[in-house]
Amino acid sequence: MLTGDTQLLVAGAAGANSSGPTAARQPANKRASKVPVADLMPSGAIHWGSKSGPKLIVFSDFNCSYCKRLTAELKKARMRVEERPISIFGEKSRKLAEAVICSRDPAKALHQAYSGETPKKQKSCNTSGLDANEAFARSHGFSGTPVMVRASDGAVLEGYRGAAEIRAFLSSNPKGAK
């Protein structure tokens, strides 16, 4: 069964297309071009990538093929990634996100999930960080994945991008991206 936050996120994704029965009941919030990154809960994040690279926050779904492809580009760009799972594709995505975030090594489990494996979930785990990720995504109109956010100023870039474009996005920030 979907949690309330997951149901709303999935409904918001459907509503973003303005078609189907969920569009009238659960319209997606307007997409934000900047978001308050300070509002993100630490427990919803999985950190991986280059420790010395520029930091990028990525909202993703482990069942999203573009998110999987994006991980290779983030590695090429030598990013320090703060990945925040959200359940765009419903209950199956939520269960996989829980398994990843609740594993002994979430960063390793993240890459296993993108490889099609289901990581082993710990018996007890607090998933409030996932709920917070989904509430944040919904409140800022993220109706698909991946969504990249500059950690330094909250600027949003939606969709799959190559390493060079990601680097350009980070370098276009006057405050710097580190």
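Modeller: A nonpolar core is a set of buried Ala, Val, Leu, Ile, Met, Phe, Trp, Tyr and Cys residues joined through side-chain atoms within 4.5 Å. Please keep in mind that this is a predicted model.

Biologist: With that definition in hand, which residues have the most contacts inside the largest nonpolar core?

Modeller: Leu56, Phe62, Leu74 and Met79 have the most contacts inside this core, which has 30 residues. At least two residues each are supplied by β1, β2, α3, α4, α5 and α7, and the largest share, five residues, comes from α5. Apart from this core lies another one, of 14 residues, including Ile57, Phe136, Phe142 and Val149.

Biologist: What is leucine 56 in contact with, leaving aside its neighbours within four places in sequence?

Modeller: Among the residues in contact with leucine 56 are Leu74, Met79, Val81, Ile166, Phe169 and Leu170, and the list also includes Arg80, Glu82 and Arg150.

Biologist: Why is the pair of lysine 55 and glutamate 82 called a salt bridge?

Modeller: The side chains of lysine 55 and glutamate 82 meet at 2.9 Å, N to O, and because the cut-off is 4 Å between a side-chain nitrogen of Lys or Arg and a carboxyl oxygen of Asp or Glu, the pair qualifies. Lysine 55 belongs to strand β2 and glutamate 82 to strand β3, 27 residues apart, so that the pair links distant parts of the chain.

Biologist: Why is lysine 55 called partly exposed, and why is glutamate 82 called buried?

Modeller: Buried means under 20% relative accessible area and exposed over 50%, with partly exposed in between. Lysine 55 has 22% and therefore counts as partly exposed, whereas glutamate 82 has 7% and is therefore buried.

Biologist: What makes the contact between arginine 94 and glutamate 134 a salt bridge?

Modeller: The closest N and O atoms of arginine 94 and glutamate 134 are 3.4 Å apart, which is within 4 Å, so the pair meets the definition. Arginine 94 lies in helix α4 and glutamate 134 in helix α6, so this pair ties together parts that are 40 residues apart in sequence.

Biologist: How do you know that arginine 94 and glutamate 134 are buried?

Modeller: The relative accessibility of arginine 94 is 5% and that of glutamate 134 is 1%; because the limit for buried is under 20%, both qualify. Arginine 94 also forms a salt bridge with glutamate 98 at 2.8 Å, N to O, and Arg94, Glu98, Asp131 and Glu134 are linked in a network of salt bridges.

Methods:
Residues are numbered from 1 along each chain as its sequence is written. This is a predicted model: local features need pLDDT of at least 70, side-chain atom pairs count only at pLDDT 80 or more; totals for chains, interfaces and linings use all residues. Side-chain values use heavy atoms; hydrogens and water are left out. Helices (H or I, at least four residues) and strands (E, at least two) are DSSP runs, numbered from the N terminus. Buried means under 20% relative accessible area, exposed over 50%, partly exposed in between (1.4 Å probe, protein chains only). Contact means heavy atoms within 4.5 Å.
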